[in-house]
Amino acid sequence: MGSTFHGLEVAKRGMAVQQMALYTTGHNIANANTPGYSRQRVNFVQSEPYPPASMNRPQIPGQMGTGVEAGSIERVRDRFFDWQYRGENNKLGYWQAQADALKKMEDIMNEPSDSGLSKTMDQFWQALQDLSANPENTGARSVVRQRGLAVVETFHYLADSLTSIQNDLANEIQVTVKSINSIAEQLYKINQQIAEVEPHGYLPNDLYDERDRLLDELSALVKIEVEPRPSGGKALNIAEGAYDVYILDGNGQRQLLVNGTQGYRTLSVSPSASAAPETPTGPLTGLSLGGSSIPFVASGKLKGLIEAYGYDDGSGVKGIYPDMLKKLDTLAYSFAKRFNEVHQTGYTLSPSNPGGLFFTDLTQVDGAAKAIQLSSNIDDLNNIAASSAPNEPGNGFNAIRLANVKNSNFANLQDPAPSVSYPITAGTLQAYYESMIGQLAVDAQQANRLVNNSEVLRQSVEERRQSVSGVSLDEEMTNMIRFQHAYNAAARTITTIDEMLDKIINGMGIVGR
């Protein structure tokens, strides 16, 4: 025989659980716009039926339900979407870093325009053509000198500007590495808090959300993998546990960044300043994690920055900015050397004096764009060797040859024969510069295209993730009405049972009174 008050207990449980569901709905609505928040739900489960199976059970036809109870309060999250989102976020971080670096380089090179190196050199060649028509004219000679000075200053400007942006990239690498270390520390602390809550049978949903938000942020910087570690104790089966977080290096190997229970390891670059291990001091040769050397990371913003800044993989310095600076040095060296060679075959306005150096004599390719200068010999305009023969001041044939340096094919240099081995082995100076700018344009276009592709894919995954985890106010309003009706029905059940009990207590056993 069941208890007289059995129905009251069943209804009371129903009210309590519906009330809890209403509170959870309110929590969802309150956090509808909270970044990283995942909607939560109360998992309803039937309470233990009465009577339990036993030898001395009451002889009733069968077990009666005892109502409902809240099994757990769980956040709604799909791990597959998290994995997809972090993959696309990682690609976007890499291509965004590349696109930003290339955009800054395009701004510096400023081609095609009326103020780029191409236009400045064209004006120099044109000034030499004008000089060939009037080789004795002081004004034409002055223009040649000034146009030559403009070429020199443009080389200096480009080299200095590229180096300045490269230094900015070093600072950005420092900030990125510090961010990774900061996120690793926060993840470790959150793991500790989760490990303290889960063994008691609770689900720390808000801590889970904060941890996932940090992992999303970290995924943009480096490629990561996570591995759950059970908390032990009375943790629920759906508890997520502490996370071990791994960085994937360039060889695809996992490098432990955060140990779920024991701590985290600090990332630094090599070579670096002794006082700031996150700051690169030259082309990077590797990374260090917890004091152990690891290869460069697989992808993400950090890799994009390293590839833009410059790195040495053992076969030489590579990278977007080192490559462009090297090409600029090659162009400046080849231009100055070849121009001097041709200039020295001519003759000045002074009778029988052969031409000297027009530009200072560069001794090496490295740093040529910064080192190129007008020779002090050209301070005297009469020393510009426009004539091809001595004692012929009106002869402007050498000025034409100087102007033709622009179109000299370095695969077949003649008259004069080259005195040095040129780093440009084929094509003309103009073709070499055009190939530099063309490659830059192609790389920038590809980076921008992949940024757009990655952004679209990431947004698509995010929308699908939000369709599962995000708070839908329409759905929450529906739930609120549903739980409210269930709560009211349970309260009405109590009222009905109360009337029944009133009949038993006050309306029965009064016959004959």
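The model is predicted, so local features are taken only at pLDDT of at least 70 and side-chain atom pairs only at pLDDT 80 or more, while totals for chains, interfaces and linings use all residues. Residues are numbered from 1 along each chain as its sequence is written, and side-chain values use heavy atoms, with hydrogens and water left out.

Let's start with helix α11, residues 473-506. Helices here are DSSP runs of H or I with at least four residues, strands are runs of E with at least two, and both are numbered from the N terminus. With 34 residues at 1.5 Å a residue, α11 should span 50 Å, and its end C-alpha atoms sit 48 Å apart, which agrees. The expected span is 1.5 Å times one less than the number of residues. The buried residues of α11 are E476, N479, F483, A490, I497 and L501; buried means under 20% relative accessible area, exposed means over 50%, and partly exposed is in between, using a 1.4 Å probe and protein chains only. Part of their cover comes from α1 (6-30) and β1 (40-46). An α-helix has 3.6 residues a turn, so residues three or four places apart point the same way.

Strand β1 also holds N43. This asparagine, N43, counts as buried because its relative accessibility is 19%. Setting aside neighbours within four places in sequence, N43 is in contact (heavy atoms within 4.5 Å) with E69, A70, G71, S72, E74 and I238.

Next comes a pair of helices. Two packed helices are described by the angle between their axes and the distance between the axes. For α2 (residues 79-109) and α7 (residues 320-343), the angle is about 25° and the axes are 11 Å apart. Axes are lines fitted to C-alpha atoms, for helices over the stretch in contact, with angles running from 0 to 180 degrees between N-to-C directions. The two helices, α2 and α7, are therefore roughly parallel to each other; angles under 35 degrees get that label, those over 145 are roughly antiparallel, 65 to 115 roughly perpendicular and the rest oblique. The crossing of α2 and α7 is right-handed, meaning that the near helix is turned clockwise from the far one by less than a right angle. On the α2 side the contact uses Q98, A101, L102, K104, M105 and M109, and on the α7 side I320, Y321 and M324. These contact residues split into seven nonpolar, one polar and one charged, where Ala, Val, Leu, Ile, Met, Phe, Trp, Tyr, Cys and Pro count as nonpolar, Asp, Glu, Lys and Arg as charged, and the others, Gly among them, as polar.

Most residues other than glycine have a negative phi, and most peptide bonds are trans. In the loop between α9 and α10 (429-469) lies P416, joined to D415 by a cis peptide bond with omega about 0°. D415, in that loop too, has a positive phi of about 50° although it is not a glycine, and D415 is exposed at 58% relative accessible area. Another cis peptide bond runs from Y50 to P51, with omega near 0°, and P51 lies in the loop between β1 and β2 (68-75).

The loop between α8 and α9 contains N391, a non-glycine with a positive phi of about 60°. N391 counts as exposed at 53% relative accessibility. E392 sits in the loop between α8 (368-371) and α9 (397-403) and counts as partly exposed at 37%. The C-alpha atoms of E392 and P135 are 9.9 Å apart, although 257 residues separate them along the chain.
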